[in-house]
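Dear colleague,

I am handing over a structure that I would like you to look through with the notes below beside it. Please keep the view open while you read, and find each residue as it comes up.

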Amino acid sequence: ENQPTRTLCREDGRLSRMTQVHDLAVLGGGPAGYATALRAAQLGLDVALVEERELGGTCLHRGCVPTKAWLQAAKTRTTVAKADRLGIGAILTGVDAAKVRGFADSLVSGLHRGLTGLIRSRGIRVVPERGRLVVDAEGPALDVDGELLRARNVVLATGSAPVTLGLPTDGERILTSEHALRLERLPGRAVILGGGVIGVEFASLWRDLGVDVVLVEARPHLLPNEDPDLVAVLERRLRARGVDLRLGAKAEGIVRDGDQVRLELPDETVTADVALIAVGRRPVTDGLGLEDAGVALTPTGHVSVTRELATTAAGVFAVGDLVAGSQLAHRGYAHGIFLAEHLTHLAGGRPIRPRPPEDRDIPRITYSSPQLASVGLTREQAAATGGCEISDFDLRGNARALMLTPGDRDAGLVRVVRRPDGPIVGVHAIGDDIAELIAEGTLMVGWQATPDDVKELIHPHPSLSEALAEANLALAGSALHMHT
């Protein structure tokens with residue numbers, strides 16, 4: 001192939017004038033990018049990973065991990081506040097936001113060190129620079145600081161960034177989620193624009209940390225991709241805790257006025273100490289040279305890909321948030337693992353052809369209080385595509401759920417959706433600590449199990465998992481703790 005195969009980098013990781021042709025070059029070191037690199041290296045491919053910021057991407061440093069650390073702190077405060085219901089004397093003295101941020105930072109730092117060591121141990125060459133895609137007569141490459149890093153295949157994994165709707169975010173009063181995670185002092189009152197996962201999680205954690213919260217959503221309900229019946233439980237629980245939900249209200253503008261912000265709604269003005277813009281995230285494709293390289297984008301700005309994640313440019317693939325669908329770290333992992341195995345298979349190094357991940361098989365979790373977790377089709381989706389049967393188990397009949405929600409009237413709900421006399425196609429749950437339950441639901445949906453297939457599995461008592469077992473038993477015609 002007349003490709004040079006000389007050294008790529010100096011000891012500091014920067015490119016030298018000599019170029020090595022790698023089996024694979026990955027642009028972006030977030031979950032999708034580093035998963036691709038790790039699995040490819042594990043399979044024996046020679047891999048280069050180009051990342052101008054920290055390995056781990058938004059998820060580790062500015063998203064999933066620090067947000068969940070703040071949510072855990074908020075949960076702890078709520079537990080202390082409710083301790084008397086359990087017969088425990090406890091005094092709640094306040095919240096030190098700087099220490100909560102320090103707790104989150106310590107988690108991020110430790111995980112980052114572990115990830116860096118893992119990538120080094122796999123022999124992956126890390127290039128700490130900004131990269132740009134180039135496709136020429138010799139094939140795909142990454143332009144890194146004026147030098148071409150060539151590879152037989154290139155994977156785009158640059159992730160996503162917050163959508164701001166053109167609003168003047170300043171990091172002090174008008175915030176994105178990334179700004180909100182860096183606060184060292186909690187606001188007294190916050191307004192959140194957007195009722196998706198990010199908006200709901202911040203509304204929940206800020207309220208549980210003592211902040212007055214107004215959550216504004218233009219649509220009639222929160223979390224539009226989730227089962228409406230479970231969303232109704234979430235909305236009731238949020239309102240009961242004092243979150244002011246303004247649903248079906250379209251914001252007309254946000255302005256900063258000294259130490260306050262004003263959110264203009266059609267019939268009123270909402271004032272607060274801070275405003276969080278949480279209306280979603282957009283794929284990061286600007287400045288990557290995609291158009292010149294022949295990579296097509298969709299009308300939404302995502303990279304257009306085939307089922308095997310190939311772009312319209314030969315030898316170039318895309319993974320994670322660049323691909324339209326749920327913006328989830330574990331979806332990025334699934335993309336990366338598949339693609340590494342797919343490319344190895346095409347090169348003759350792996351006999352088994354891997355199956356591309358399907359979005360319907362990927363679980364979703366909103367880590368609010370209560371948590372909402374789901375996988376597969378909702379009742380409405382299943383009914384519109386072949387019909388369904390559903391079984392609901394009210395968590396007020398589950399001993400473990402009642403221990404976790406002392407005094408709350410809405411303990412939660414577990415719902416199993418199946419085709420008529422067929423496989424399970426959806427599992428949905430809402431309740432405290434319910435997130436861990438969805439892994440079993442993912443197995444059921446992914447394996448296309450029927451209720452009869454899994455009805456004999458034994459679940460420990462008392463546990464939340466019994467709720468999923470009971471809902472499934474009802475579909476199998478042998479409910480134990482349910483009226484049928």
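**Salt bridges**

Lys68 counts as partly exposed, with a relative accessibility of 26%; here buried means under 20% relative accessible area, exposed means over 50%, and partly exposed lies in between (1.4 Å probe, protein chains only). Please bear in mind that this is a predicted model, in which local features need pLDDT of at least 70 and side-chain atom pairs count only at pLDDT 80 or more, while totals for chains, interfaces and linings use all residues. Residues are numbered from 1 along each chain as its sequence is written, and side-chain values use heavy atoms, with hydrogens and water left out.

Which residue does Lys68 form a salt bridge with? The partner is Glu201, and the closest N and O atoms of the two are 3.0 Å apart; a salt bridge is a side-chain nitrogen of Lys or Arg within 4 Å of a carboxyl oxygen of Asp or Glu. Lys68 sits in helix α3 (residues 64-81) and Glu201 in helix α6 (residues 197-208), so the pair ties together parts that are 133 residues apart in sequence. Helices (H or I, at least four residues) and strands (E, at least two) are DSSP runs, numbered from the N terminus. Glu201 is buried, with a relative accessible area of 4%.

Lys82 forms a salt bridge with Asp408, with 3.9 Å between the closest N and O atoms. Lys82 belongs to the loop between α3 and α4 (97-121), and Asp408 to the loop between α11 (399-404) and β21 (412-418), so this pair ties together parts that are 326 residues apart in sequence. Lys82 counts as buried at 16% relative accessibility, whereas Asp408, at 26%, counts as partly exposed.

The side chains of Arg350 and Glu341 also meet in a salt bridge, at 3.8 Å from N to O; Arg350 is partly exposed at 23% relative accessibility, and Glu341 is buried at 13%. Salt bridges that share partners join Lys82, Arg85, Arg237, Asp408 and Asp432 into one network. By the rule given above, the count comes to 42 salt bridges.

**A sheet and the helix across it**

An open sheet of 5 strands has the order β18-β19-β22-β21-β20, with antiparallel pairing; two strands pair if DSSP finds at least two bridges between them. The edges are formed by β18 (364-366) and β20 (389-394), each with a single partner strand, so one side of each is left without a neighbour in the sheet. Neighbouring strands of this sheet are turned by 10 degrees against each other on average, direction ignored; axes are lines fitted to C-alpha atoms, for helices over the stretch in contact, and angles run from 0 to 180 degrees between N-to-C directions. Within the sheet, β19 (residues 371-376) and β22 (residues 424-431) pair in the antiparallel sense over 6 bridges, and Ala373 has Ala429 as its bridge partner in β22.

Helix α12 (residues 438-446) lies across β18, β19 and β22, and runs at about 170 degrees to β22. Which residues of α12 are buried? They are Ile438, Glu440, Gly441, Thr442, Met444 and Val445, and what covers them includes β18, β19, β22, α13 (451-454) and α14 (465-475). After α12 comes Gln448, whose phi is positive, near 55 degrees.

Elsewhere, strands β13 (residues 260-265) and β14 (residues 268-272) run antiparallel and are joined by 5 bridges, with Val261 standing opposite Ala272 in β14. A hairpin connects β13 to β14 through 2 residues.

**Nonpolar cores and cysteines**

In the largest nonpolar core, which has 48 residues, Val47, Leu133, Leu142 and Leu156 touch the most other members; a nonpolar core is a set of buried Ala, Val, Leu, Ile, Met, Phe, Trp, Tyr and Cys residues joined through side-chain atoms within 4.5 Å. Helix α1 (residues 31-42) gives this core its largest share, 6 residues. Apart from it lies another core of 38 residues, among them Leu71, Leu234, Ala278 and Leu413.

How many disulfides does the structure hold? The number is 0, where a disulfide is a pair of cysteine sulfur atoms within 2.5 Å. Cys59 is buried at 14% relative accessibility, while Cys388 is partly exposed at 23%.

With best wishes

Terms used
Contact = heavy atoms within 4.5 Å.
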